[in-house]
Amino acid sequence: MGHVMLGAARLDAPRRLVDVWVLSPLGVLPEVQGRGLGTALVAHALEAAGRTGVPLVFLEGDPAFYGPRGFSRASVLGFRSPSLRIPDPAFLVHVLGSHEPWMTGTLVYPEPFWALDCVGLRDPDEGG
Ligand SMILES: CC(C)(COP(=O)(O)OP(=O)(O)OC[C@H]1O[C@@H](n2cnc3c(N)ncnc32)[C@H](O)[C@@H]1OP(=O)(O)O)[C@@H](O)C(=O)NCCC(=O)NCCS
């Protein structure tokens, strides 16, 4: 009916690298959308993330959907995105209880995000 995944990534903080999660992908089958499943999957993922002791969950997504479900604009909180192709309003973060003030910096995606070229948006009008 639906699927959500937490993938391991790193935050390049000034003090040291910090293990973080990226919530991606999230999907609900079209025939059962609009019944709260997506909301429940996000809540479940955040609860599971909290139990791991990791301080932050990042994602790329629509702030209209994720804002009411616990995510804030990451740049406002001092985080830098892994790509200039991620629109600033879509670079979102959920701060968990184990977060400490020094844990800021640049989100570093793991290799599969680049291997699958699924980071940010591409401009089809750009040459190449
Ligand atoms: C986005 C998605 C996971 C939501 O799942 P869902 O089970 O329909 O979500 P819920 O029933 O819990 O919540 C419905 C809300 O999601 C909103 N919504 C649905 N699809 C949306 C989309 N593509 N962008 C923004 N909001 C969306 C609905 O407008 C509704 O808003 P409301 O709560 O203000 O009324 C589902 O529509 C989906 O799988 N879409 C295709 C894949 C996708 O876009 N995944 C997200 C990638 S970041």
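Reader: How do S1 and strand S7 pair, and over how many bridges?
Author: S1 and strand S7 (residues 105-108) pair in the antiparallel sense over 3 bridges. Two strands pair if DSSP finds at least two bridges between them. Strands (E, at least two residues) and helices (H or I, at least four) are DSSP runs, numbered from the N terminus.

Reader: What sort of model is this?
Author: It is a predicted model, where local features need pLDDT of at least 70, side-chain atom pairs count only at pLDDT 80 or more, and totals for chains, interfaces and linings use all residues. Residues are numbered from 1 along each chain as its sequence is written, and side-chain values use heavy atoms, with hydrogens and water left out.

Reader: Back to S7. Which residue there is the bridge partner of Leu11?
Author: Leu107.

Reader: And what about S1 with S2?
Author: Strand S1 (residues 2-12) pairs with strand S2 (residues 17-28) in the antiparallel sense, over 10 bridges. Ala8 has Trp21 in S2 as its bridge partner. S1 and S2 form a hairpin, with 4 residues between them.

Reader: Where is the cis peptide bond?
Author: It joins Ser24 and Pro25, with omega at about -5°. Pro25 has its place in strand S2.

Reader: New topic. What is phi of Asp117?
Author: Near 50°, which is a positive value in a residue other than glycine. Asp117 lies in the segment after helix H3 (111-115).

Reader: Which residues come nearest to the ligand?
Author: Of the 15 residues around it, Val28, Gly34, Gly36, Gly38 and Thr39 come nearest. A residue is near if one of its heavy atoms lies within 4 Å.

Reader: Which polar side-chain atoms lie by an oxygen atom of the ligand?
Author: One of Thr39 lies 2.5 Å from an oxygen atom of the ligand, and one of Arg69 lies 3.1 Å from a ligand oxygen. Which elements give two or more residues to the shell around the ligand? They are S2, helix H1 (37-52) and helix H2 (63-66).

Reader: How do the shell residues divide?
Author: Into 5 nonpolar, 6 polar and 4 charged. Ala, Val, Leu, Ile, Met, Phe, Trp, Tyr, Cys and Pro count as nonpolar, Asp, Glu, Lys and Arg as charged, and the others, Gly among them, as polar.

Definitions and conventions
A polar contact is a pair of N or O atoms within 3.5 Å; within protein, one must be able to donate a hydrogen and the other to accept it, and residues adjacent in sequence count only if both atoms are side-chain atoms.
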